[in-house]
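Visitor: I would like to learn how to read a helix and its surroundings in a model of this kind. Could you take me through one case?

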Amino acid sequence: MEKLPEITYEELDRLNTLIDNIYGSHFTGYSPASLKRRVSRIMQLHKLSVFELRDRLTNNPVFFQQFLKDVTVNVTEMFRDPAFYKTLKEEVIPYMESFPKIKVWHAGCSTGEELYSFAILFKEANLYHRSFFYGTDINADVLEQAKDGIYELQKMKINAENYTQTGAPNTLSDYYTAKYEAASIHHALKENVFFSTHNLVTDGVFNEFQLISCRNVLIYFNLELQLKVIDLFYQSLANFGFLCLGAKETLRNEDLKRFKIVDKKNRIYQKIA
Ligand SMILES: C[S@@+](CC[C@H](N)C(=O)[O-])C[C@H]1O[C@@H](n2cnc3c(N)ncnc32)[C@H](O)[C@@H]1O
């Protein structure tokens, strides 16, 4: 059987340096184990040795964009982890009423399903008209799909089930139009929505937010980068603003001096100092 190409940690380090030099820092601080897995898979897919991969990345910026897309995990869905959204609705959204203007940042928003899920809950709480949702990601391609807000109709089944489990007052189909095999999010949910690229490794604070959601992104980073990014979120939050992380992500004890735990299981925190 043909041996599948693999990359060693040393080669991965050298590849990172090459990418940093040509395209700017992208994967510095990513968890090496998951990066190694993803890069090995790309090498298998394109039948490339490490040498050939380095060559393509050096000489082919279009290939780099595809590489970036394949390295980052973009899996997402609407109302992912319904229990989280139920808690958001009960513990966080009512608090948002006290802010005259509400700015929400979805860092690592992928194709936008999470952002539109928040937008729906804000609409139902009658807060959407004074809320602004900023979706950012390192990957420009996923942001294009997020802007369009058009998803496979097939995927709406699981999204709708999730939504129902949050104790929803409506059905998810109230928020999109189905045409052939596609579901198009209603324009009313796109009015206060902005998408742009932002790299959590290299880019800084760009606004002050009442709520930041960065779910299922930090798991791909090493501890050092996680701490740096949490600090970025702290700096980007208004006083008493909220931070939401993914089911497998958590704040370290050190950070709990400046964040209060709102819901431990659902990883919701509030800036207190
Ligand atoms: C698994 S998705 C999470 C999507 C959504 N937040 C959710 O929980 O369903 C992770 C996203 O993080 C993005 N990402 C990875 N590294 C990033 C970085 N350095 N800066 C910004 N986004 C990044 C990926 O492109 C991907 O779209």
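This is a predicted model: local features need pLDDT of at least 70, side-chain atom pairs count only at pLDDT 80 or more; totals for chains, interfaces and linings use all residues.

Visitor: Is H6 mostly covered or mostly open?

Guide: An α-helix has 3.6 residues a turn, so residues three or four places apart point the same way. In this case H6 is mostly covered, with ten of its twelve residues buried, among them Glu113, Glu114, Leu115, Ala119 and Phe122.

Visitor: Which residues have the most contacts inside the largest nonpolar core?

Guide: In soluble globular proteins, nonpolar side chains tend to be buried together. Here the largest nonpolar core has 64 residues, and Val104, Leu115, Ala119, Ile212 and Leu243 have the most contacts inside it. H6 gives the most to this core, namely seven residues. Because domain 1 (9–71) and domain 2 (82–271) both contribute residues, the core lies between them. Leucine 115, leaving aside residues up to four places away in sequence, touches His106, Cys109, Phe133, Gly135, Ala146 and Val193.

Visitor: What surrounds the ligand?

Guide: The ligand is surrounded by 22 residues, of which Thr72, Thr76, Gly108, Ser110 and Leu200 are the closest. Sorted by class, this shell holds nine nonpolar, nine polar and four charged residues.

Definitions and conventions
Residues are numbered from 1 along each chain as its sequence is written. A residue is buried if 20 or more other C-beta atoms lie within 10 Å of its own, exposed if 12 or fewer, and partly exposed in between; C-beta atoms are placed from the backbone. Helices (H or I, at least four residues) and strands (E, at least two) are DSSP runs, numbered from the N terminus. A residue is near a molecule or strand if its C-beta atom, placed from the backbone, lies within 6 Å of it. Ala, Val, Leu, Ile, Met, Phe, Trp, Tyr, Cys and Pro count as nonpolar, Asp, Glu, Lys and Arg as charged, and the others, Gly among them, as polar. A nonpolar core is a set of buried Ala, Val, Leu, Ile, Met, Phe, Trp, Tyr and Cys residues joined through C-beta atoms within 7 Å. Domain bounds come from an automatic or database domain assignment. Two residues are in contact if their C-beta atoms, placed from the backbone, lie within 7 Å.
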